[in-house]
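The exercises below are worked from the sequence and the model. Try each task before reading its solution.

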Amino acid sequence: MDRLYLHSVTVPAGTLQAAPHSEPFPLEDAYLILINLILPKGHSGYTGIRILRSGQEIVPYSNTKFIVSNDRVIPISFRSAINASGLVIQAYNTDVYDHTFYLEATITDTPPVTASALQLETVISPDVLSSTT
């Protein structure tokens, strides 16, 4: 069964990009399908956000950048196993007002089975082919 996790990250005014606000995004040991990253109206280029997994930046995948936007929902297809403490959110805010980002994560118990995963290969041992009865 799919589950929806909601998380908000409020970043204090004056938080610099060089020293971003950082907080865990607690989930559970499961399979992460999708994250919707919601940047409300009003961020207007003053804020940036990124997602890390095990200390490695994965969104955006650049290792040095932040997503900077305004009034936008960004769906991020993940499709991978995740553990309960696997994600960390980092964000900055150079505005004079606090700003909040919202995240929605959809997880499930097991990865979906794909058609390619169901394909089976029949292998006959050379010993069987060369034996006579």
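**Exercise 1.** In which sense do β2 and β7 pair, and over how many bridges?

Solution. The model is predicted: local features need pLDDT of at least 70, side-chain atom pairs count only at pLDDT 80 or more, and totals for chains, interfaces and linings use all residues. Residues are numbered from 1 along each chain as its sequence is written, and side-chain values use heavy atoms, without hydrogens and water.
- Strands are DSSP E runs of at least two residues, numbered from the N terminus, and two of them pair if DSSP finds at least two bridges between them.
- β2 and β7 are antiparallel, with 5 bridges.
- In this pairing P24 stands opposite V88 of β7.

**Exercise 2.** Find the aromatic pair and state which parts of the chain it ties together.

Solution. 
- Rings of Phe, Tyr and Trp (its six-membered ring) pair if their centres lie within 6.5 Å; planes under 30 degrees apart count as stacked, over 60 as edge-to-face and the rest as tilted.
- The structure holds 1 such pair.
- F66 and Y92 form it, edge-to-face, at 5.0 Å centre to centre and 90° between the planes.
- F66 is in the loop between β5 and β6 and Y92 in strand β7, so the pair ties together parts 26 residues apart in sequence.
- Buried means under 20% relative accessible area, exposed over 50%, partly exposed in between (1.4 Å probe, protein chains only).
- F66 is buried at 11%, and Y92 is buried at 8%.

Notes:
Helices (H or I, at least four residues) and strands (E, at least two) are DSSP runs, numbered from the N terminus.
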